[in-house]
Amino acid sequence: GDRMWNFAVSVFLVELYGNSLLLTAVYGLVVAGSVLLLGAIIGDWVDKNARLKVAQTSLIVQNCSVILCGILLMVVFQFKAQLTEMYNGWLLTACYIMVITIANIANLASTATSITIQRDWVVVVAGEDRSTLANMNATVRRIDQLTNILAPLAVGQIMTFGSPIVGCGFISGWNLCSMCLEYFLLWKVYQKTPALASKSGQKEVDQELKQLNIEKELESVQNMGKRSQLLNEAALASHAEKNNGCCYQIMEPFRTFRDGWVAYYNQSIFFAGMSLAFLYMTVLGFDCITTGYAYTQGLNGSILSMLMGASAISGIFGTVAFTWIRKRCGLIRTGFISGIAQLSCLLLCVASVFTPGSPFDLTVSPFKDIISHLMGDGPLPEANPTTVTSLTTELHDLINGSTTVYEKEMTPQVESYISVSLLFAGVIAARVGLWSFDLTVTQLIQENVIESERGVINGVQNSMNYLLDLLHFIMVILAPNPEAFGLLVLISVSFVAMGHVMYFRFAYKSLRSRLFFCCSPENKIETDSPSLPESDKV
């Protein structure tokens, strides 16, 4: 249900605003900014509350938000003409704001669910068996890859043979049913895993230590007058704390934000987490940017659908490679090997910039059109109006691999397909190393972050990922023309390389020269023991 909503919400917003990307862009900015600012606070909330309560609350909030947003979208689609005329269109604008706000709440709740289930529950269920933890992480990622294929396919079929209203209703109904099923499954897992009921909190431990110190001090005071004086001082301090409670509570989120980022920086796996975040600063993925570039290079929906399927299969192979390499080389070496594999495959993308068929030309200024529009030399581009049927039909054609007459007429003629072929060959092949590396860093965080900080550290990690993802969109905005895409490819590969350099620093600090001996005797010891030596942990 979450994957279907993530895919469909962008399509709904485009259709809702007259086939303009404005609402979609605003939604993406709000979502990224919210996770960036609230990631640490969400993680801290996960740490401070019981596991079952966090999982149930985030699950209910997420699904109820999607259901409410779907119903609101159905109303807007059905009565859009009437809403436009009421209060000079302000009521319709208010509906837009409500849709984006509720959808953002759903995404924040989804972030909390991901942190508590994939980063905490999985660790507790696996227990001390690190091989079981690795297998569970890989299985979760395979399921995620499969849903990324099936969810858009299901939504595309429904919107093609129905309408956006039918699509909203289907997604709302699906989330209602899946919420009940997921709630039941969470309860069963909780019952079968008694360890989930106990959760250590560092702040609670500190409070208990303070209380013990006070009790010891009271016991050591033999004089009743001194004991009474100590109790009075404690009461006065408690009263002063209550008076300052309002200001304290107001500043609490800011302190949580600061403490979360400081705690993330002080982690032994800081450079490993940063290396993963740097991989988000790339255009070498199957998002709207790369898809748009592919269309300018003559690839149609049929070819793109096959490439997307190949990319998902490559990602599944990456999860298999992760478990296989980890058993033979250890967890830290798996990340090192995966990084080398990813960078080697991305060299094909670098080569595609300079091969025949590449539009790479730095003499074409990416700011030319923007400057001309700002100076009034030309009209602003307008979106071509399309009907609901044509929009959903094109979506269906892209997913199912058919080529429309429109695509045949609008597909540009290129001199050679060598460049774009090398580009996508590198992107697809690099998915093996990418997902293997992602699983490596995920398990390093799971194993080496104490339980009381597991939520806040993963929350900050999500914030870092969104921050670099935002930077990559800004990079595209600054250089949007196809002639500059080659430069974006080179910058992307550079950031990926910098990320793996950070990981190499982390890995070499942890293993020293043993990093280069994958079959060394230390391998067995490393696999059965914590991934980081005790001397390197904070």
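Colleague: At what angle do the axes of helix H19 and helix H20 cross?

Modeller: They cross at roughly 160° and come within 11 Å. H19 covers residues 454–478, and H20 covers residues 485–511. An axis here is a line fitted to C-alpha atoms, for helices over the stretch in contact, and angles run from 0 to 180 degrees between N-to-C directions. A word on the source: this is a predicted model, so local features need pLDDT of at least 70 and side-chain atom pairs count only at pLDDT 80 or more, while totals for chains, interfaces and linings use all residues. Residues are numbered from 1 along each chain as its sequence is written, and side-chain values use heavy atoms, with hydrogens and water left out.

Colleague: What makes H19 roughly antiparallel to H20?

Modeller: The angle is roughly 160°. Angles over 145 degrees count as roughly antiparallel (under 35 is roughly parallel, 65 to 115 roughly perpendicular, the rest oblique). Therefore H19 is roughly antiparallel to H20. Their crossing is right-handed; that word applies if the near helix is turned clockwise from the far one by less than a right angle, and left-handed if anticlockwise.

Colleague: Which residues make the contact?

Modeller: H19 brings Leu468, Met475 and Val476, and H20 brings Leu488, Ile491, Ser492 and Phe495. Contact means heavy atoms within 4.5 Å. By class, the H19 contact with H20 has six nonpolar, one polar and no charged residues. Nonpolar means Ala, Val, Leu, Ile, Met, Phe, Trp, Tyr, Cys and Pro; charged means Asp, Glu, Lys and Arg; the others, Gly among them, are polar.

Colleague: Why is H11 called roughly antiparallel to H20?

Modeller: Helix H11 (residues 270–278) packs against H20 at about 165°, with the axes 8 Å apart. That angle makes H11 roughly antiparallel to H20. H11 passes H20 in a left-handed crossing. Among the residues in contact are Phe271 and Phe278 of H11, and Met498 and Arg505 of H20. By class, this contact of H11 with H20 has nine nonpolar, two polar and one charged residues.

Colleague: How many helices and strands does the protein chain have?

Modeller: The chain has 21 helices and zero strands. Both are DSSP runs, numbered from the N terminus: helices are H or I of at least four residues, strands are E of at least two.

Colleague: Why does Arg431 count as buried?

Modeller: Buried means under 20% relative accessible area, exposed over 50%, and partly exposed in between (1.4 Å probe, protein chains only). Arg431 has 15% relative accessibility, so Arg431 is buried. Arg431 lies in helix H18 (residues 418–448). Beyond its neighbours within four places in sequence, its contacts include Leu284, Phe286 and Ser311. Over the whole chain, 46% of the 538 residues count as buried.

Colleague: What makes Lys80 partly exposed?

Modeller: Its relative accessible area is 26%, so Lys80 is partly exposed. Lys80 is in helix H4 (residues 80–85). Lys80 and Leu16 are 64 residues apart in sequence, yet 8.7 Å apart in space, C-alpha to C-alpha.

Colleague: How do you know that Cys69 is in no disulfide?

Modeller: A disulfide is a pair of cysteine sulfur atoms within 2.5 Å. A search of the whole structure finds zero of them. For Cys69, the nearest cysteine sulfur is that of Cys168, 8.2 Å away. Cys69 has 0% relative accessibility, so Cys69 counts as buried. Cys329 is also buried, because its relative accessible area is 11%.
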